[in-house]
Each structure stands twice: as structure tokens, then as C-alpha cells.
Amino acid sequence: QKKINMAKRASTIQDVADKAKVSIKTVSRVINNEPNVAIKTVKKVETAIKQLEYQPNAFAQSLARSKPKIISLIYDTPSPNYISHIMEGVLSFCYKAGYEVIIHPLRFNEIGMLRSAEQFIKKSRLAGLIVTPPHSDNIEFIKLIEKLDLPKVLISSGLDLDQSDSIKTNDEEISIEMTNYLIKSGHRKIAFIKGHPTHLSVNHRFIGFQKAMKDAKINIDNSLVENGLNSLLSGEQCAERLLNLSNRPTAIFASNDEMAAGVIKVAYKKGIRIPDDLSVVGFDDSPMTEMITPPLTTVRQPLDAIGEKSAQKLIDKLEDKDIETSEVDENEDFDEDQANVSLAAME
């Protein structure tokens with residue numbers, strides 16, 4: 001017995017042209033709001049689109065527009081949790097606003113990175129860019145974007161930038177509070193694992209640590225300061241050195257959760273009990289913190305909201321709307337009794 005496929009076929013631009021008795025090119029001109037199309041023809045095409053429930057493809061539309069509705073999120077980070085949450089926020093807002101997003105990895109230390117970036121930008125006919133660290137701290141990359149006259153929003157840049165071009169995070173202030181939390185808990189031998197040297201905003205966390213220690217009149221032992229790369233592996237390597245010291249620290253503050261997880265992994269292998277023998281704190285409140293036992297004390301950055309806000313700021317700029325300067329309001333008190341310390345990290 002012959003089966004009948006009852007699934008409804010999606011209408012095409014050809015179907016619309018046939019129904020309106022015009023050419024495909026005319027339908028395309030109506031969809032893209034091009035001038036010099038007769039009002040009578042516009043109405044015929046619009047009626048056909050409505051009757052056929054035709055959904056124009058956003059990428060196809062973009063190719064015909066002088067202002068394409070395609071933006072790109074540029075990233076290069078060894079912390080997959082960080083970029084995945086930024087990505088979620090960007091995609092969520094762009095979907096609602098009718099924009100397509102190209103997620104594009106750009107290797108920061110790769111030879112010819114700027115040339116590759118320029119080729120990608122020109123080939124993709126982008127309307128604008130959202131840039132994450134460390135690229136948002138790269139002056140040469142920012143100059144390239146400006147040379148190509150492309151609207152941009154830079155996330156967590158440590159550079160002094162126009163407010164309309166950036167989404168800032170108050171890493172330094174939050175780091176001060178986290179360090180004070182450890183000091184109030186009785187710690188004096190506190191180690192710090194710095195972030196990737198090219199990520200200026202992450203390294204503001206070390207500045208906050210230094211300020212809090214100075215205010216508490218506690219000398220920083222340079223042997224307790226390690227240089228990490230924001231990755232799990234670098235956290236393990238730093239922890240191996242710190243936990244092999246004869247006068248090892250009683251607390252370790254890692255600049256992100258990936259490195260903090262590396263510390264906990266090494267401590268577990270060495271039979272060092274957390275938090276009895278060693279306190280470990282991180283930064284970002286990534287999903288991995290829920291899988292760590294005991295729970296990791298960490299700072300919550302509203303990464304989804306940062307991604308969403310960056311997309312909103314860029315699209316407002318592209319559509320000549322007034323750019324909002326309001327902050328993402330997720331301020332919460334620093335609660336010393338919680339396992340996961342929740343703090344707003346965005347301004």
C-alpha cells in the first residue's frame with residue numbers, strides 16, 4: 001500500500017513569485033525593502049507571502065542588503081565554560097532580534113592572525129563584531145576592526161574604551177571582596193594563580209587581591225604567586241608547585257574555575273583535604289563547580305547576561321537606536337555562609 005507523506009512542504013521564493021505573477025528578483029526586492037517597486041506590486045507580493053506562509057531565509061536576505069543581518073562572535077579561550085555561556089546569551093538575543101550569528105574561533109598566538117581575521121571579516125559580509133578576551137585587549141586587532149569601519153562591542157576589555165564599544169566587568173572590586181572573605185576566615189598564607197597574561201580584565205583580579213592583602217597589612221609571599229593560563233592543566237601545574245612547598249599555603253585563590261578545579265584535582269591526589277587542610281576559591285561560577293565535591297567557593301559572573309547585553313548593545317548601534325548604558329542588575333550580597341559565593345561581576 002502506497003504511503004502518503006502528509007508533511008507540508010515549506011514554501012519557496014519561486015512559489016511566491018508564481019502566485020504573485022512576478023519574477024523572483026522582484027520578490028527579493030520587496031523582501032529587502034528596496035526602492036522603486038510599485039506599491040501595487042509590493043502588495044501583491046506581500047499577500048502571496050502571507051497566504052503561502054513563506055519564511056525568508058535570513059542569510060539569503062543578508063546577501064542582498066547593504067546592511068547584512070549577520071554578526072560574528074570572535075573568541076579564543078582555553079576555558080570552554082566561559083565562551084559557551086557568553087555564546088548562549090549572544091545567540092538568545094540575536095535570535096529574538098532576527099540576526100544570524102557566526103561563531104568564529106581566532107587563534108590569538110597564530111602567525112598571520114590579523115590577516116586571517118581580515119579575510120574572514122571581508123568574506124563574511126558582517127554587520128558587526130562581538131569580541132571576547134584576549135582579542136578584546138589586542139590593540140592591533142581593534143585597529144583592524146576600525147580600519148574596516150565595522151561596528152563592534154568588546155567584552156571584558158582592560159583597555160580604556162568608549163562606553164558604547166564595550167561591556168565592562170568589575171573584576172578588581174569583586175576580587176577584593178573574595179580575598180577579604182579568605183582573610184576573615186583566618187587565612188594569612190594565601191596563594192594566588194594569575195590568569196592568562198594577555199587577558200587584562202582577568203588580571204585585574206590579581207590587582208584586587210594585592211589591594212586587599214595590603215589593606216589587611218599582610219605581606220604577599222612571591223613564592224605563593226603563580227602564572228596560569230586559564231586552563232585546567234595550567235591550574236594543575238601551578239598547584240603541583242604550590243602544594244609541594246615546605247611552607248605551603250592554607251588557601252589558594254585561582255583566577256578562574258578551570259584552574260581552581262585543577263588545584264582541587266592535585267590536592268585530592270596528594271591526600272590534602274578540602275576545606276579542612278586547604279581552602280580553594282575560584283571565579284566565574286561555571287557549571288563544573290556543581291560537579292566538584294566539596295562545592296567550590298566561587299564568584300558568579302552573569303556570563304549569559306554579559307553575552308546578551310553585548311548583542312543588544314551591538315544591534316542597537318547597528319539600528320541607530322539609543323544605546324542603553326544601564327548595568328545588568330544582578331547585585332547580591334557577599335554571603336560568607338554560602339558554599340558558592342554569588343556576586344555580580346558586571347558594570
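**Exercise 1. Find out which residues have the most contacts inside the largest nonpolar core, and which elements supply it.**

Step 1. The largest nonpolar core has 22 residues, and Ile71, Leu73, Ile86, Val90, Cys94 and Ile130 have the most contacts inside it. A nonpolar core here is a set of buried Ala, Val, Leu, Ile, Met, Phe, Trp, Tyr and Cys residues joined through side-chain atoms within 4.5 Å. Buried means under 20% relative accessible area, exposed over 50%, and partly exposed in between (1.4 Å probe, protein chains only).

Step 2. At least two residues of this core come from each of strand E1 (70–75), helix H5 (80–97), strand E4 (152–155) and helix H12 (303–318). Helices (H or I, at least four residues) and strands (E, at least two) are DSSP runs, numbered from the N terminus.

Step 3. Now look at leucine 73: leaving out residues up to four places away in sequence, its contacts include Ile83, Ile86, Val90, Ile103 and Ile130. Contact means heavy atoms within 4.5 Å.

Step 4. Another core, of 20 residues, lies apart from the largest one; Cys238, Leu242, Ala267 and Leu296 are among its members.

**Exercise 2. Decide how far to trust the model.**

Step 1. This is a predicted model, where local features need pLDDT of at least 70 and side-chain atom pairs count only at pLDDT 80 or more, while totals for chains, interfaces and linings use all residues. Residues are numbered from 1 along each chain as its sequence is written, and side-chain values use heavy atoms, with hydrogens and water left out.

Step 2. The protein chain averages a pLDDT of 82, and 82% of the residues score at least 70. pLDDT is the predictor's confidence in each residue, from 0 to 100.

Step 3. Where pLDDT is low, the predicted coordinates should not be read in detail.

**Exercise 3. Check the span of helix H5 and list what its buried residues pack against.**

Step 1. The 18 residues of H5, at 1.5 Å a residue, should span 26 Å, and the end C-alpha atoms are 26 Å apart, which agrees. The expected span is 1.5 Å times one less than the number of residues.

Step 2. Buried residues in H5 include Tyr82, Ile86, Val90 and Cys94. The buried residues of H5 pack against E1, strand E2 (100–105), strand E3 (128–131), E4, H11 and H12.

Step 3. After H5 comes glycine 98, with a positive phi near 80°.

**Exercise 4. Work out the strand order of the open sheet and find its edges.**

Step 1. Four strands lie in the order E7-E6-E8-E9, with parallel pairing. Two strands pair if DSSP finds at least two bridges between them.

Step 2. Strand E7 (225–227) and strand E9 (279–281) are at the edges with a single partner strand each, so one side of each has no neighbour in the sheet.

Step 3. Strand E6 (residues 190–194) pairs with E7 over three bridges; isoleucine 193 has glutamate 226 in E7 as its bridge partner.

**Exercise 5. Compare two residues with a positive phi.**

Step 1. Aspartate 149, with a phi of about 55°, sits in the loop between H7 and E4. Aspartate 149 is exposed, at 67% relative accessibility.

Step 2. Serine 156 has a phi of about 50° and lies in the loop between E4 and strand E5 (166–167). Serine 156 is buried, with a relative accessible area of 3%.
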